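Have a look at the fold yourself before reading on.

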Amino acid sequence: MEYKETYQGKVFTVNFMIGHPMRFSHKGKHFPITTQCVIKRNNFVIGIGEAVKHEKDANNPLQGRIKSAKKAFLNADSKVWRELRERLWKQILVEIRPIV
């Protein structure tokens, strides 16, 4: 999913990717549900966040998006833009569709 917003002549995009990459722990390999958020300014990556949950937990895409977006906004290279963040959060929270 991709959300776009133009702010002060710059195009900001927020992308969410969901997958099941293999990870190793002391108990062996497992495939947790991983949600990644990438924030770009004019196609240049400025922030990345990741939320991981166990594969046996109930799937809640909203929670994964919220946690990964919070981390990405904190990691963004420019401490941005309260107005821009508010606009992007409105887009992220309003458009919640169940993933099948």
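How many aromatic pairs does the structure hold? I come to that in point 1, after a word on the source. This is a predicted model, where local features need pLDDT of at least 70, side-chain atom pairs count only at pLDDT 80 or more, and totals for chains, interfaces and linings use all residues. Residues are numbered from 1 along each chain as its sequence is written, and side-chain values use heavy atoms, with hydrogens and water left out.

1. Aromatic pairs. The structure holds 2 of them (rings of Phe, Tyr and Trp, the last by its six-membered ring, pair if their centres lie within 6.5 Å; planes under 30 degrees apart are stacked, over 60 edge-to-face, and the rest tilted). One of them is the edge-to-face pair of Tyr3 and Phe16, at 6.0 Å centre to centre with 75° between the planes. It ties together distant parts of the chain, as Tyr3 sits in strand 1 and Phe16 in strand 2, 13 residues apart.

2. Overall layout. The protein chain has 2 helices and 6 strands (DSSP runs numbered from the N terminus: H or I of at least four residues for helices, E of at least two for strands). Read from the N terminus, the order is β-β-β-β-β-β-α-α. The C-alpha atoms fill a box of roughly 50 × 25 × 20 Å along the principal axes.

3. Four strands make an open sheet in the order 1-2-5-6, with antiparallel pairing (two strands pair if DSSP finds at least two bridges between them). Strand 1 (2-7) and strand 6 are at the edges with a single partner strand each, so one side of each has no neighbour in the sheet. From one strand to the next, the twist averages 15° (axes are lines fitted to C-alpha atoms, for helices over the stretch in contact, and angles run from 0 to 180 degrees between N-to-C directions).

4. Bridges across the sheet. Strand 1 and strand 2 (residues 10-19) are joined by 6 bridges, with Thr6 partnered by Val11 in strand 2. Between strand 2 and strand 5 there are 8 bridges, and here Asn15 stands opposite Val38 in strand 5. Strand 5 (residues 33-41) and strand 6 (residues 44-53) pair over 9 bridges; Ile33 has Lys53 as its bridge partner in strand 6, while Thr34 faces Val52.

5. The hairpin. Strand 5 and strand 6 have 2 residues between them, and Asn42 takes a positive phi near 50° in this hairpin.

6. Helices on the sheet. Helix 1 lies across strand 1, strand 2, strand 5 and strand 6, running at about 140° to strand 6. Helix 2 (residues 82-94) packs on the sheet too, touching strand 1 and strand 2, and its direction makes about 155° with that of strand 1 (contact means heavy atoms within 4.5 Å).

7. The largest pocket. About 230 Å³ of space lies there (on a 1 Å grid over the protein atoms alone, a pocket is an open set of points where a 1.4 Å probe fits, with protein on both sides within 12 Å along at least five of seven lines; lining residues have an atom within 4 Å of a point). Of its 14 lining residues, Ile33, Thr35, Lys53, Asn60 and Gly64 are the closest to the centre. Strand 5, strand 6 and helix 1 (61-75) each give two or more residues, and helix 1 gives the most, with 4.

Notes:
Grid points are joined across faces, edges and corners, and a volume is the space filled by probe spheres set on the points.
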